[in-house]
Amino acid sequence: MRKLDYNKIGQRIRQARKAKGWSQGELAEKCNISMSFLGHIERGTRIMSMDTFAAVCESLDAKADELLWGIPEPTEASLYGMWGHAGTKNADSDSYMMYTKIMKSVAEIMSKA
């Protein structure tokens, strides 16, 4: 089992917060925690509860794997974009679906490595 690196988790939370253009106070308010505690979480000096982690994920619209391990999960829209369909299915949807299954399998294998 991989060991959690709270410094990296905190860095990922900070990056996700900044990407949304939010201050620590804004995220702390959304998560119903103090700004001081959020600062500790972002520095990796305090460990949050599962309830707080769930609130952070929900507030940031981030997947747990993304914040815990740095493994982003591609959205369906991004997969369509990579396939070149500009976000819509067309006559080649069978090959797209196969491509999607393959890419999801590769991502799952890579996350276990």
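Just after H4, Asp-61 adopts a positive phi of about 55°. Helices (H or I, at least four residues) and strands (E, at least two) are DSSP runs, numbered from the N terminus. The model is predicted: local features need pLDDT of at least 70, side-chain atom pairs count only at pLDDT 80 or more, and totals for chains, interfaces and linings use all residues. Residues are numbered from 1 along each chain as its sequence is written, and side-chain values use heavy atoms, with hydrogens and water left out.

**Overall composition**

- The protein chain contains seven helices and zero strands.
- Of its 113 residues, 27% count as buried (under 20% relative accessible area, with exposed over 50% and partly exposed in between; 1.4 Å probe, protein chains only).
- Among contacts (heavy atoms within 4.5 Å) between residues at least 6 apart in sequence, 50% join residues at least 24 apart.

**Packing of H2 on H4**

- Helix H2 (residues 24-31) and helix H4 (residues 50-60) pack at an angle of about 120°, and their axes lie 9 Å apart; axes are lines fitted to C-alpha atoms over the stretch in contact, and angles run from 0 to 180 degrees between N-to-C directions.
- Leu-27, Lys-30 and Cys-31 of H2 form the contact with Ala-55, Val-56, Ser-59 and Leu-60 of H4.
- By class, this contact of H2 with H4 has five nonpolar, one polar and one charged residues; Ala, Val, Leu, Ile, Met, Phe, Trp, Tyr, Cys and Pro count as nonpolar, Asp, Glu, Lys and Arg as charged, and the others, Gly among them, as polar.

**Ser-59**

- Ser-59 counts as buried because its relative accessibility is 17%.
- The side chain of Ser-59 reaches the backbone oxygen of Ala-55 at 2.8 Å.
- Not counting residues up to four places away in sequence, Ser-59 touches Lys-20, Trp-22, Leu-27, Lys-30 and Cys-31.

- Thr-52, Phe-53, Val-56, Cys-57, Ser-59 and Leu-60 are the buried residues of H4, and they pack against helix H1 (6-19), H2, helix H3 (35-43) and helix H5 (64-69).
- Leaving aside neighbours within four places in sequence, Val-56 is in contact with Ile-13, Cys-31, Met-48 and Leu-67.

How values were computed:
Polar contact = N/O pair within 3.5 Å; in protein donor to acceptor, adjacent residues only side chain to side chain.
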